[in-house]
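Colleague: Hi! I'm new to this one, could you walk me through it?
Modeller: Happy to, let's bring it up first.

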Amino acid sequence: MAEQSSLEPTDWDEFRETAHQTLDDAIDHMQGRSDQPVWQPVPDIIRESLRMPLPKDGQQTSLLSQRISTDFLPYGVGNTHPRFFGWVHGAGTPAGIVPEMFAAAMNANLGGRDHVANEVEKQVISWCRDIFGFPETASGLIVSGTSMATLIAVKSAREKLGPEGIRKKGLIATKGDLVGYTSAEAHSSVARSFDILGLGSDALRSIPTNAAFQMDSDALKDTIRADIAAGLRPFCIVATVGTVNIGSVDPISKIADIAEDFGLWLHIDGAFGALAILSERLRPLLAGIERAHSLAFDFHKWMHVNYDAGFVLMRDGEDQRHAFSERPEYLEGASRGLAAGNPWFCEYGPELSRGFRALKIWFHIQHFGLKRLGASIEQNCDQASFLAGLVTSSLKLELLAPVGLNIVCFRFDPGNCDQAQLDQLNGDIVVELQERGLAAPSTTRIGGNLAIRVNITNHRTRNTDLEFLVEQVLALGVELYGSG
Ligand SMILES: *Cc1c(COP(=O)(O)O)cnc(C)c1O
């Protein structure tokens with residue numbers, strides 16, 4: 001009879017030694033990050049080494065670990081560096097390594113059943129209710145990110161306010177008349193949720209914004225009225241707390257009033273901005289957030305939980321369950337034994353198997369505490385003001401948008417370029433900053449103009465990093481402009 005085998009280490013002592021070395025390498029990587037380039041392109045030789053035929057036979061843990069350490073660690077996106085300012089990325093923490101090890105060791109599946117991991121997620125959900133002032137009836141679910149959270153929220157809104165039977169019959173149950181509203185500054189994930197749900201992204205009306213880049217609530221009201229008059233069926237409004245371009249916050253209270261008047265669902269995309277609630281000073285900007293039917297935000301952005309970790313919070317847990325619950329016989333619950341623990345998390349979203357993301361979030365919140373997390377968010381907003389000050393006091397720099405929270409959009413302008421030249425020059429400055437590993441802002445367009453966009457969701461950033469950034473932008477501007 002052939003010997004039976006498993007996937008356990010063949011030599012536990014050797015495995016232990018390698019795992020300890022791996023942990024040291026991971027810690028060394030994080031500790032030394034600020035001395036490294038912010039970003040560097042993946043060398044061709046490493047890209048090529050990743051195009052290998054399927055391995056038939058295995059390799060030692062130590063060899064693979066060594067390879068990850070030398071070939072992969074230095075070539076990340078850069079968001080663990082103090083001068084990473086691109087898009088909206090959280091910075092992560094070394095502490096986050098610890099719960100990830102335990103999560104891998106437990107290998108828990110949080111789709112349902114009765115085990116401790118689900119209790120940890122329930123604790124996280126309860127904390128989220130408390131953070132945002134949602135009632136006891138509120139439900140929630142840890143998901144990959146705000147895109148998934150918004151999808152779950154919009155589906156719940158569709159099932160709540162759409163016609164009977166839509167879950168079974170699909171959109172045939174509607175007259176193709178469901179419409180929703182968001183601002184022109186909304187994140188593309190909102191339109192994507194309309195697309196995925198079969199409503200079509202055209203069914204999402206884009207409401208213009210005011211000078212502060214906030215949804216124009218009068219235009220919102222007018223559009224809803226016009227749609228109703230045209231025989232359509234408005235069902236939800238998606239407001240944004242912290243827009244991706246400039247960090248503006250829609251007028252939540254006014255929009256909540258409108259949602260109430262018309263009987264619509266209010267979803268808030270608070271991907272990064274919602275967590276500004278952790279700062280006493282910033283909290284008033286978010287007044288009314290507790291009136292939302294649903295709220296999406298990310299732990300992996302401004303709270304710096306290591307990727308990935310997002311959350312959907314829903315005022316009435318029944319709405320969420322109504323939109324997703326569907327349990328065949330093989331998933332039947334019980335009042336005792338391992339199949340207990342009702343309701344199961346798989347009844348609150350599209351996924352059945354779910355990893356133990358809850359552990360790193362639970363660990364992170366306990367380890368840092370809300371005060372420290374809030375202070376870090378507040379510090380980023382102070383840094384954005386500091387940077388805006390540097391920009392406005394320089395004759396060759398121009399601020400392109402108001403600074404609401406943590407995002408600064410500006411450009412280098414030597415004074416005698418036309419619009420196309422300025423766009424080219426500033427785009428080149430950003431690429432050079434990235435390729436030289438100096439700093440990593442991204443770009444966007446503000447009123448048609450290409451802007452250097454500095455988003456500070458980074459607990460490692462110091463004011464000196466921003467001074468350095470400005471010096472380098474000015475130096476590069478002169479260098480690139482001078483060279484034609
Ligand atoms: C990042 C972001 C999203 C998408 O979140 P993911 O976690 O990347 O899915 C949505 N809205 C806003 C405002 C964002 O900044």
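Colleague: Is Asp-423 buried or exposed?
Modeller: Asp-423 counts as buried, because its relative accessibility is 12% and the cut-off for buried is under 20%. Do keep in mind that this is a predicted model.

Colleague: Where does Asp-423 lie?
Modeller: Asp-423 is part of helix 13, which covers residues 419-435.

Colleague: And which residues is Asp-423 in contact with, leaving aside its neighbours within four places in sequence?
Modeller: Those are Arg-445, Gly-448, Asn-449 and Leu-450. With Leu-450 there is a polar pair: a polar atom of the Asp-423 side chain is 3.1 Å from the backbone nitrogen of Leu-450.

Colleague: Switching to the ligand. Which residues surround it?
Modeller: Among them are Gly-145, Ser-147, His-187, Asp-269, Phe-272, His-300 and Lys-301.

Colleague: How far is the side chain of Ser-147 from an oxygen atom of the ligand?
Modeller: An N or O atom of the Ser-147 side chain is 2.6 Å from that ligand oxygen. Asp-269 has a polar side-chain atom 2.6 Å from a ligand nitrogen, and for Lys-301 the distance to a ligand oxygen is 3.0 Å. On its own the ligand exposes 380 Å², and the protein buries 85% of that.

Colleague: Now helix 1. Which of its residues are buried?
Modeller: Thr-18, Asp-25 and Met-30 are buried there. They sit on the same side of helix 1, because they cover an arc of only 130° around the axis.

Colleague: What do the buried residues of helix 1 pack against?
Modeller: They pack against helix 3 (61-72) and helix 4 (97-106). On the other side of helix 1, the exposed residues are Asp-13, Arg-16, Glu-17, His-20 and Gln-31.

Colleague: What caps the N-terminal end of helix 1?
Modeller: Asp-11 does, with a side-chain oxygen 3.0 Å from the backbone nitrogen of Asp-13.

Colleague: Last topic, the backbone. Which peptide bond has omega near -10°?
Modeller: The one from Tyr-307 to Asp-308, which is cis. Asp-308 is in the loop between strand 7 (294-298) and strand 8 (310-314). Asn-342 and Pro-343 are also joined by a cis peptide bond, with omega about -10°. Most peptide bonds are trans.

Colleague: What about phi of Trp-87?
Modeller: Trp-87 has a positive phi of about 45° although it is not a glycine. Trp-87 lies in the loop between strand 1 (84-85) and helix 4, and counts as partly exposed because its relative accessibility is 46%.

Conventions:
Residues are numbered from 1 along each chain as its sequence is written. This is a predicted model: local features need pLDDT of at least 70, side-chain atom pairs count only at pLDDT 80 or more; totals for chains, interfaces and linings use all residues. Side-chain values use heavy atoms; hydrogens and water are left out. Buried means under 20% relative accessible area, exposed over 50%, partly exposed in between (1.4 Å probe, protein chains only). Helices (H or I, at least four residues) and strands (E, at least two) are DSSP runs, numbered from the N terminus. The arc is that of the directions from the helix axis to the C-beta atoms. Contact means heavy atoms within 4.5 Å. A polar contact is a pair of N or O atoms within 3.5 Å; within protein, one must be able to donate a hydrogen and the other to accept it, and residues adjacent in sequence count only if both atoms are side-chain atoms. A residue is near a molecule or strand if one of its heavy atoms lies within 4 Å of it. Accessible areas come from the Shrake-Rupley method with a 1.4 Å probe; for residues, only the protein chains shown count as cover.
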